[in-house]
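Please read it beside the coordinates.

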Amino acid sequence: MSTPVSYRIRPVAPEAHLFEVSVTLAQPAADGQVLRLPAWIPGSYMIREFARHIVAIRAESGRKAVALTKLDKHSWLAAPAKGALTVHYTVYAYDLSVRGAYLDGERGFYNGTSVFLQADGFENAPCEVEILPPADKALAKWQVATSLPALECKKSGFGRYRAANYDELIDHPVELGEFERVSFKACGVPHEFVVSGKYKADLKRLAADTKRICEWQIRFFGEPAPFDRYVFMLFVGGDIYGGLEHRASTALVASRDDLPQHGEAGINDGYLKLLGLISHEYFHTWNVKRMKPAAFTPYDLNREGHTTLLWAFEGITSYYDDLALVRCGLIDEKRYLGLLAKTITGVARGNGRNKQTLADSSFDAWSKYYRQDENSPNSIVSYYTKGSLAALALDLYIRKHSRGASSLDTVMQALWQKWLADGKGLAEDEWERVAEQVTGLKLGKFFDMAIRSTRELPLAELLAGQGVEMQLLPADSASDGGSVVDEIVSGAVRPTLGVKTAGDALGVKLSAVLDGGAAQAAGLSGGDVVIAVNGVRVSDLDKALRRYRVGSKLKLHAFRRDELLSFRVTLQGMPADTCRLRLTADGGAWIKG
């Protein structure tokens, strides 16, 4: 046998969403071999218990059955075997997200964490995997796309691949199906975009725009790129969105409507959202896939890995994802400020920012951010969005106090050089220490305020120093999420219930009831379905409230579970939580670097 650990995987029953997988160990542990499937996947901080999707499992050695004993929800013990041990198992795959595995008659996709058992004691052993084609002749045109290094493959991509160890094996997702490919080089490195799903789009435009993003990011950290080849895997469908980073690839899902169309010259909001997602996941190539917290070095995929630093790896990445679009020339400063205004508004509308610090948000991601409920807007803050604003504030603070000699760019580039030199993860206080060392500034008070307290970030003051005026005003309409304007003007204050809503067949579902709002004061709760306002059926709550003024007293009828309840509500005015930004004639110089 050529390698200590060999895997085989085949899509055996697309109609039933089943992969057939096997792992063979040339020399299993003499006293019995433990095998386990990860409980979570790097980049998505929630225990997902992938082993629940294993629907059948057995072991053999020399064609003789070997007893398997289940140790816990994701681990098995194979009895001692004479010679090589092979474990065969079937995995149910019907998770359309970027985190799991999926298989039907149209396409297949998997992350290694969902399908490849890890053998205890073999974590650092070389691995080989053979990806076999489906037996169904109707799927004879299927291909393979992956950044996993190939050993011996057909033109279709089916064949044998290698990985230096288990960590590398599970960090190269695989796309299967009849997809389209478009290739380009960024700083001389081959890149490939693989797009699956039903769509019509200008993939050459997508590749050209993505190339600009990639080249800017590679040059930002410094050539050469930390990979020999990179693969974007994009599945497009209806109302879907998300991405997950890997060391030489990324898995993306997005709306088909967000793809660029032939003949379109500009960048509409949907395509801009997609480009921002691409930029975000690509920036992770450096910031979290290589530079990472010491808590993730190495990953323990059997249990949570707590760190207070997710704000630095997700929040800073969220800051640079849109900034890169300006700096590579895809959008201008005003378009960027429009995106920034929406982020500021989104954070300002969450009361959780007054209760949870960014350090705590990072640490509690496992139990709070990834397990949100109807009270989450009142209790948590996002280390993505507020983290990106903290990164902005830090960038502007460094530029101001170093008189332009340093910036957040300086810190990120220094952290990258440190990783190249030692390859080590960052201790919980090390990110801040490096920032102080390379800028020559005392930043402790800033970090205490921005990361370890719930005080408001001094964004208005810092932006003013860059020629950008900022104000928080009441929203103009339900769709008003913040904007960049030529002149900041406050309009009439609209009435509000203080809720977040979602559609429902009966009326309007209250997905969240905000602290201090009119709805909460009246006794309404998250999950209630409002069916009538003052005796009139309601399907659009915002439209219904336009008939009234601040201070108006209303009678609402709502279902809570199967009980019809009535509530007396006094409407409040919209809070000043909607950001307006105005760029002066000589402002915004930092945006372009």
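**Notes on the model**

1. Proline 224 is found in the loop between helix H3 (203–221) and strand S19 (230–237), where helices (H or I, at least four residues) and strands (E, at least two) are DSSP runs numbered from the N terminus. The peptide bond that leads from glutamate 223 into proline 224 is cis, with omega near 0 degrees. A cis peptide bond also joins threonine 297 and proline 298, with omega about -5 degrees, and proline 298 is found in the loop between helix H4 (269–283) and H5. Most peptide bonds are trans, and most residues other than glycine have a negative phi.

2. On the basis of these remarks: this is a predicted model, in which local features need pLDDT of at least 70 and side-chain atom pairs count only at pLDDT 80 or more, whereas totals for chains, interfaces and linings use all residues. Residues are numbered from 1 along each chain as its sequence is written, and side-chain values use heavy atoms, with hydrogens and water left out.

3. Histidine 17, in the loop between strand S1 (5–13) and strand S2 (18–25), has a positive phi of about 65 degrees although it is not a glycine. Histidine 17 counts as buried because its relative accessibility is 13%; buried means under 20% relative accessible area, exposed over 50%, and partly exposed in between, with a 1.4 Å probe and protein chains only. Threonine 250, which lies in strand S21 (residues 249–255), is likewise buried, at 0% relative accessibility. Residues up to four places away in sequence aside, threonine 250 touches Tyr230, Val231, Phe232, Met233, Leu244, Glu245 and Glu281, contact being defined as heavy atoms within 4.5 Å.

4. Which residues of helix H12 (residues 430–439) are buried? They are Glu430, Trp431, Glu432, Val434, Ala435 and Thr439, and the buried residues of H12 pack against H5, helix H10 (385–401), helix H11 (408–422) and helix H13 (444–450). Beyond its neighbours within four places in sequence, tryptophan 431 is in contact with residues including Leu309, Trp311, Leu394, Met412 and Phe447. H12 is followed by glycine 440, whose phi is positive, near 75 degrees.

5. H10 and H11 pack at an angle of about 105 degrees, with their axes 8 Å apart; axes are lines fitted to C-alpha atoms, for helices over the stretch in contact, and angles run from 0 to 180 degrees between N-to-C directions. H10 and H11 are therefore roughly perpendicular to each other, a term that covers 65 to 115 degrees. In this contact, Ala391, Leu394, Asp395, Ile398 and Arg399 of H10 meet Leu408, Asp409 and Val411 of H11. The residues of the contact of H10 with H11 divide into five nonpolar, no polar and three charged, where Ala, Val, Leu, Ile, Met, Phe, Trp, Tyr, Cys and Pro count as nonpolar, Asp, Glu, Lys and Arg as charged, and the others, Gly among them, as polar.

6. An open sheet of three strands has the order S22-S32-S23, with mixed pairing; two strands pair if DSSP finds at least two bridges between them. Strand S22 (468–473) and strand S23 (483–484) are the edge strands, each pairing on one side only. Helix H6 (residues 333–348) packs on the sheet, touching S22, S23 and S32, and its direction makes about 155 degrees with that of S32. S22 and strand S32 (residues 578–583) pair in the antiparallel sense over six bridges, and methionine 470 stands opposite leucine 581 in S32.

7. S27 and S28 form a hairpin with two residues between them, and asparagine 534 in the turn has a positive phi of about 50 degrees. Asparagine 534 counts as partly exposed, at 36% relative accessibility.

Terms used:
Parallel < 35°, antiparallel > 145°, perpendicular 65-115°, else oblique.
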